[in-house]
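Thanks for coming. I will go through one structure today, piece by piece, and give the cut-offs as they come up.

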Amino acid sequence: MGKTLFDKVWDAHIVDTIQDGPQILYIDQHLIHEVTSPQAFAELEEKGIDMARTDKTVATADHNVPTINQHLSIKDALSRKQVDTLTKNCEKFGVTLYGLGHPYQGIIHVMSPELGITQPGMTMVCGDSHTSTHGAFGTIAFGIGTSQVAQVFASQCVLINKPKTMRITVSGKLGHNVGPKDVILYIIAQLGTNAGTGFFVEYAGNVFEDMTMEGRMTVCNMSIEMGARGGMIAPDQTTFSYVKNREFAPKGEAWDQKLAYWKTLHSEKDATFDKEIHFDAADIAPMITYGTNPGMGMALDAKIPAAKNETEVKALEYMGFNAGEELLGKTINYVFIGSCTNSRIEDFRTVASYIKGKRKANNVNALVVPGSQKVAAQIQNEGLNQIFEEAGFEIRQSGCSACLGMNEDKIPANEYCVSTSNRNFEGRQGPGARTLLASPLIAAMTAVEGKITSLH
Amino acid sequence: MEKFTRLQSKAVPLPISDVDTDQIIPARFLKATNKIGFGENLFRDWRYLNDTEPNKEFVLNNPKYSGSILVAGANFGCGSSREHAAWAIEDYGFKVVISSFFADIFKGNALNNGILAIQIDQHELNSILQKLEADPEIIIEVDLEAQKCTVPVLGIESSFEIDPYKKYCLLNGFDDIDFLLSKKTEINKFEKK
């Protein structure tokens, strides 16, 4: 029986298997940031251990950084200390850091792919659940806790039980204005927030094959929102063209060798999965969420379904919505376009092409936050900044920004925010903030209209 | 890591499903560079109104409930990988979390901090939650060696699963990091392949 894509990459990285226990998985690339690494560095110091492979580790500051005046010292003392601690730790242990002010700095899951650090067939981890993003390249990439960050520091390995495999196939033709974000929000709404727990997902079918790398990253990014540790897509010509010539991509003969291997990374025709799910692309509409987990999503012009349990009752209460009502026509004062889900150049091109010649509604605060310094530079080079400025959108510097309510960028209590991020949990964007997840296109349209509007 | 063998305790009910790690510890409290004091902000936005005044409705502010076991709804710990969630639960004083379903990353983080995450049948979970609501004094017994979770007053004697390696680590207070360091030769050999 043939192997799945997941099995091929997994099996190539097994150092050892503990009897009746987990396996030792070798990690090709470790990504770290300021929030989940300090306690891991401290553990190394307490135990007097050195880092195993600094050459396979790269750091950036993203979660806890301001998106305005990044050249100045960070105002909040605790945030400043956390970012400084990362700098000190990287210096002390010899880890490459693309910190604030560096032209490569950015959200770790935007930065690593665009520099060619992320490559097909790798195993990658980071103390961040959205590490699943890198699966878009046919890598096994997943989030880990800080204890595991320390383990990777010490040994370049993690102890992990092999997940089961699930293939989600979406085939057919996507409707007008239906993009990658709608596809993944639809999948999560159909399957629920824990359908993927214990599984690693492979996304297959022409819908994913036809997507750009940016689109594939948006899809894989949200795999964790259905509970899956990660999601991956078989690398193809789109992947190879994206990786080729990037800063840290292999060059010359090394490229040819890698490419030959990467071309073998696909599930064999007779490979079997523990679970197979199929969706028809034609059933997917532009999506929006109405509750407090990413599974509570629906078509933009649908009516809010009845709550299925106590938790959903509580969710609707928090959001200030009633079952049976439409979201169309709801006034929205905040729009956030950014996060590791949707802050790549393609996302901003989509937004710019919609808002060109238009202006945001007066009631709206529209925040545009590039995923990295490189994306910010690209926005400038393509002249998109002018379109955003003329439309009254505020462009910030790169970082996680209002996705997680950690840095200065927060949505006020009780306000609705149509956000291109990945989580609509209670208080995620700030205490009391109410998040509606959607695509960059819907976010742009909401900003212009000042309310939720149908795309038709 | 502290050893875990057995525990007899009262319990705190949290009958909500899909409790995400942003609720367990909101991101604005993740700025520390050590592991100390996260318990103070455990469930912060449910525990306090306007971020300062204790919310009397929330179970952690109800003086009737105490104990080192948290009993929570399905899919506990979903969302962010922040280990701060496990540190907050541990720092508050919980040693065991019982649910019918745990998110992967949270479960691993809990075990790595000596917190036992016990998965039991949804019906049994429902009856424990119901009983706790009526009687905060009921005692739950957990025996890791025997892999048993018992609620005598309900006649529940539930077996739970745990990876044998992880069980060994908890019973003996061993960290994964020590184990991985003992495998250096194998890892070096793998790197040379």
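I start with a helix: the buried residues of α13(A) pack against α4 (108-114), α12 (345-355) and α14 (384-390) of chain A. Contact here means that the C-beta atoms of two residues, placed from the backbone, lie within 7 Å. Helices (H or I, at least four residues) and strands (E, at least two) are DSSP runs, numbered from the N terminus.

Some housekeeping before I go on. This is a predicted model, in which local features need pLDDT of at least 70 and side-chain atom pairs count only at pLDDT 80 or more, while totals for chains, interfaces and linings use all residues. Residues are numbered from 1 along each chain as its sequence is written, and chains are lettered from A and ligands numbered from 1 in the order in which they are written. The predictor gives the complex an ipTM of 0.96 and a pTM of 0.97. For chain B the average pLDDT is 96, and 100% of the residues score at least 70; pLDDT is the predictor's confidence in each residue, from 0 to 100.

Back to α13(A), residues 373-381. Its buried residues are A:Gln373, A:Lys374, A:Val375, A:Ala376 and A:Ile379. A residue is buried if 20 or more other C-beta atoms, placed from the backbone, lie within 10 Å of its own, exposed if 12 or fewer, and partly exposed in between. After α13(A) comes A:Gly383, with a positive phi near 75°.

In α12(A), which α13(A) packs against, sits A:Arg349. This arginine, A:Arg349, is partly exposed, having 17 other C-beta atoms within 10 Å. From A:Arg349 to A:Leu441 there are 92 residues in sequence, and 9.9 Å in space, C-alpha to C-alpha.

Two residues other than glycine also have a positive phi. A:Ser401, at about 50°, lies in the loop between β17 (394-395) and β18 (416-419) of chain A. Is A:Ser401 buried or exposed? A:Ser401 is buried, with 33 other C-beta atoms within 10 Å. B:Gln147 has phi near 55° and is placed in the loop between β8 (140-143) and β9 (148-151) of chain B. B:Gln147 counts as partly exposed, with 14 C-beta neighbours inside 10 Å.

Next, a sheet. It is open, has three strands in the order β1-β2-β8 (chain A), and pairs antiparallel; two strands pair if DSSP finds at least two bridges between them. β1 (14-17) and β8 (157-160) of chain A are at the edges with a single partner strand each, so one side of each has no neighbour in the sheet. Neighbouring strands are turned by 20° against each other on average, direction ignored. Strand β2(A), residues 23-26, pairs with β8(A) over four bridges, and A:Leu25 stands opposite A:Val158. Helix α8 (184-192) of chain B packs on this sheet, touching β1, β2 and β8 of chain A, and its direction makes about 145° with that of β1(A). Axes are lines fitted to C-alpha atoms, for helices over the stretch in contact, and angles run from 0 to 180 degrees between N-to-C directions.

That brings me to the interface. The contact takes 55 residues from chain A and 43 residues from chain B. On the chain A side, the largest share, six residues, comes from α5(A).

That is the end of my part.
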